[in-house]
Every structure is written in structure tokens, then in C-alpha cells.
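Please open the structure in a viewer and keep the selection tool at hand.

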Amino acid sequence: SPLVRNVLHAGLQGLLAHGRGAHAAAGCREIRGWDQLSRVLEVDQTPIGKTPRSCPATYVGFWDAIRKLYAGTTEARLRGYGPSRFSFNVKGGRCDECEGQGVKTIEMSFLPDVKVACEVCGGLRFTPETLMVRHRGKSIGDLLAMSVDEAVEFFAAHRAILHPLQLLQDVGLGYLTLGQQSPTLSGGEAQRIKLVTELAKAKPVKDALRAPRTAPHSLYILDEPTIGLHMADVEKLVRVLPRLVEAGNSVIVIEHNLDVIAEADWLMDLGPEGGDGGGRIVARGTPEEVARMGDVSHTGRILEEFLRERRRAGPSA
């Protein structure tokens with residue numbers, strides 16, 4: 001983590017911002033190959049927002065397409081409503097009582113504040129007039145209470161909205177509601193939503209290794225993204241990460257989970273021990289190559305056993 005985050009990430013940010021010679025890379029003599037990158041991004045577990053206004057639909061970006069869809073309905077056109085009418089962040093269509101948050105905060109003096117649903121809009125965030133506009137029988141407020149799994153079926157005919165919703169399903173977040181308030185999301189959920197935001201922008205190239213250097217090339221850094229995840233969600237994450245590479249980007253994952261390690265294109269094992277007893281490269285190569293270095297690498301020894309058991313289990317493992 002210190003090497004990737006404090007040296008590589010920090011150094012690349014300086015180089016990309018100021019160029020060669022204008023910024024000395026901290027913690028190392030030089031960083032090579034950085035000129036092939038357009039940006040570097042750490043996909044961490046910090047919240048996607050600190051207020052109830054932020055939610056998966058707005059953060060990932062498909063809420064704009066939903067607002068345009070509602071603005072295009074016959075009822076909205078007759079009323080003269082544009083897309084801004086269906087935003088809970090601007091005046092006009094949102095509930096004035098809760099200012100589009102759907103909840104109100106009650107201060108409890110010596111106790112933690114309590115949040116309750118707005119008594120005017122019932123937590124739907126919009127005015128009664130705005131909620132009268134419906135698409136397939138659902139108001140804009142109903143959509144915010146809809147789960148990702150439900151929304152996938154509801155928007156099956158709208159590719160621009162369906163694609164990011166399917167990505168949320170792919171990373172195991174189908175149970176979240178579109179309007180889930182960001183302060184209620186766990187760190188792992190926030191990290192996967194950020195990952196989906198990047199995946200929604202990525203467009204696969206036929207040959208990522210031979211993609212032209214002029215093409216935008218991002219480096220994504222993830223620090224132990226499997227912490228707290230169920231094994232089924234780890235499997236989904238392992239299937240999703242290669243999509244960023246297929247789009248011509250690079251991904252560095254700091255990880256101890258063998259399921260993730262075994263799927264990597266290239267491993268670098270630091271050791272031989274932790275803390276003061278580590279910090280040296282003891283093995284590097286493909287997972288199969290590192291697995292044959294068990295005499296010098298603890299990771300290699302355990303990885304060899306893991307790969308052996310997985311081969312015995314067969315393709316279904």
C-alpha cells in the first residue's frame with residue numbers, strides 16, 4: 001500500500017499535472033512510462049457524497065437520461081416541464097419543505113440527530129404536480145424507491161439507462177435503490193459504485209495491448225477491494241475488473257485474496273516478511289510463475305496450493 005499509494009500514485013499525479021522536470025517523484029528516483037497515461041485514479045472506499053442529495057443514480061450519471069425521458073412524456077410536454085423539473089437539486093419541481101432531500105433532520109440536543117421522512121412529500125422528494133407525470137405508471141419519485149434489479153426490467157428498452165444499471169448488477173449491487181442516500185452506503189458499496197461509474201465510460205477496444213498511445217489511458221488503483229465482501233461478490237468483482245483492461249486501461253490491485261491474485265495478469269510480491277522485514281521484491285511474474293517460487297515467496301507457496309486445488313475442482317471452481 002505505501003509503495004502504490006504514497007509513491008506511485010502521488011508521483012504520477014504530480015507528473016501528470018506538471019510534466020517531467022516540474023515535479024520530482026517522491027520516494028523513488030524516477031517513474032517511467034507515465035507519459036502513456038492520461039490520468040491516474042484511486043478507486044477507494046470514501047463516501048460518494050456526504051448529503052442525502054447524492055445517490056447511485058446521480059453519481060453514476062444515468063439520472064440525467066431518466067429526467068430527459070420524463071420530460072419527453074406527453075403529460076410533461078403539455079405542462080411545459082423540462083428536464084430540470086425532475087431534478088431534486090433545483091427549485092421548481094422538488095418539494096420545498098425538504099428541499100428535495102426526502103427527509104428532515106430533527107435535532108435531539110444531547111442525543112444523535114434523527115432523520116424522518118418529509119411529511120409533505122412522504123419521502124418522494126417532489127411536488128404533487130411533478131409526481132403526476134408518469135412513465136409506464138411510475139412517477140419520478142417512485143423510481144428513486146425502485147431497486148436496481150427492478151429498474152433493469154423497467155428500463156429494458158432504454159440502452160443509455162439500462163447499461164449502467166446492468167453494471168451495478170454485475171458488481172453485486174442489484175439490491176440498492178436508485179435513490180439510496182450516499183451516507184447510508186458502506187465503504188465497499190461506495191467503492192463498487194465508483195467502479196461502475198468508470199466502467200460506464202469505458203468502451204472496449206479490439207486489442208487493448210496494441211491500442212494507440214494517443215488513446216486516453218487511465219491507471220486505476222484499488223486497495224484491497226475485497227475487504228468485507230461475500231465470496232459471491234468477490235467472484236463478480238473478479239469478472240468486472242478485466243473490462244477496464246479491455247477498454248485499454250491498466251489496473252493495479254493491492255490484494256491478499258487468492259481468488260483475485262490468481263486472476264491477475266502480473267504479480268509483484270513484496271517481502272519476504274512484513275514491516276521492517278519486508279519491502280523487497282521477492283517474486284514477480286504471472287500467477288503460475290510466482291507459484292513456482294515457493295522457496296523464496298510465501299505468496300508463491302500458498303498460491304501453488306490454491307491453484308492445485310482449483311485444478312482438482314475443475315472448471316466450475
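What percentage of the 317 residues in the chain do buried residues make up? Buried residues make up 42% of them. The model on display is predicted, and every value in this tour is computed from it.

**The whole chain**

Begin with the entire chain in a cartoon view. Its secondary structure comes to 13 helices and nine strands. Along the principal axes, the C-alpha atoms fill a box of roughly 70 × 55 × 55 Å. Among the contacts with a separation of 6 or more, 59% are between residues 24 or more positions apart.

Select residues 63-71, which form helix 3. Which residues of helix 3 are buried? They are Trp63, Ile66, Arg67, Leu69, Tyr70 and Ala71. Four of the partners are helices: helix 2 (56-60), helix 4 (74-79), helix 6 (140-144) and helix 8 (159-170). The buried residues also pack against strand 4 (134-135) and strand 5 (138-139).

Move to helix 4 and show the side chains of glutamate 75 and arginine 79. These side chains meet in a salt bridge, at 2.5 Å from N to O. Side chains of opposite charge can pair when their charged atoms come close. The two residues are four apart in helix 4, about one turn of the helix. Glutamate 75 counts as partly exposed, at 31% relative accessibility, and arginine 79 is partly exposed as well, with a relative accessible area of 32%.

**Glutamate 198 and its two partners**

Next, select glutamate 198 together with arginine 39. Their side chains form a salt bridge of 2.2 Å, N to O. Arginine 39 belongs to strand 1 (residues 39-42) and glutamate 198 to helix 9 (residues 187-201), so this pair ties together parts that are 159 residues apart in sequence. Is glutamate 198 buried or exposed? At 5% relative accessibility, glutamate 198 counts as buried, because buried means under 20% relative accessible area. Arginine 39, at 30%, counts as partly exposed.

Lysine 201 and glutamate 198 are three residues apart in helix 9, so about one helical turn separates them. Lysine 201 counts as exposed, at 53% relative accessibility. For a further stop, select Arg5, Glu42 and Asp223, which are joined into one network by salt bridges that share partners. In the whole structure, a search finds 17 salt bridges.

Finally, select strand 6 (residues 218-223) and strand 7 (residues 250-254). In which sense do these strands pair? They pair in the parallel sense, over five bridges. To see one of these pairings, select tyrosine 220, whose bridge partner in strand 7 is valine 251.

Notes:
Residues are numbered from 1 along each chain as its sequence is written. This is a predicted model: local features need pLDDT of at least 70, side-chain atom pairs count only at pLDDT 80 or more; totals for chains, interfaces and linings use all residues. Side-chain values use heavy atoms; hydrogens and water are left out. Buried means under 20% relative accessible area, exposed over 50%, partly exposed in between (1.4 Å probe, protein chains only). Contact means heavy atoms within 4.5 Å. A salt bridge is a side-chain nitrogen of Lys or Arg within 4 Å of a carboxyl oxygen of Asp or Glu. Two strands pair if DSSP finds at least two bridges between them.
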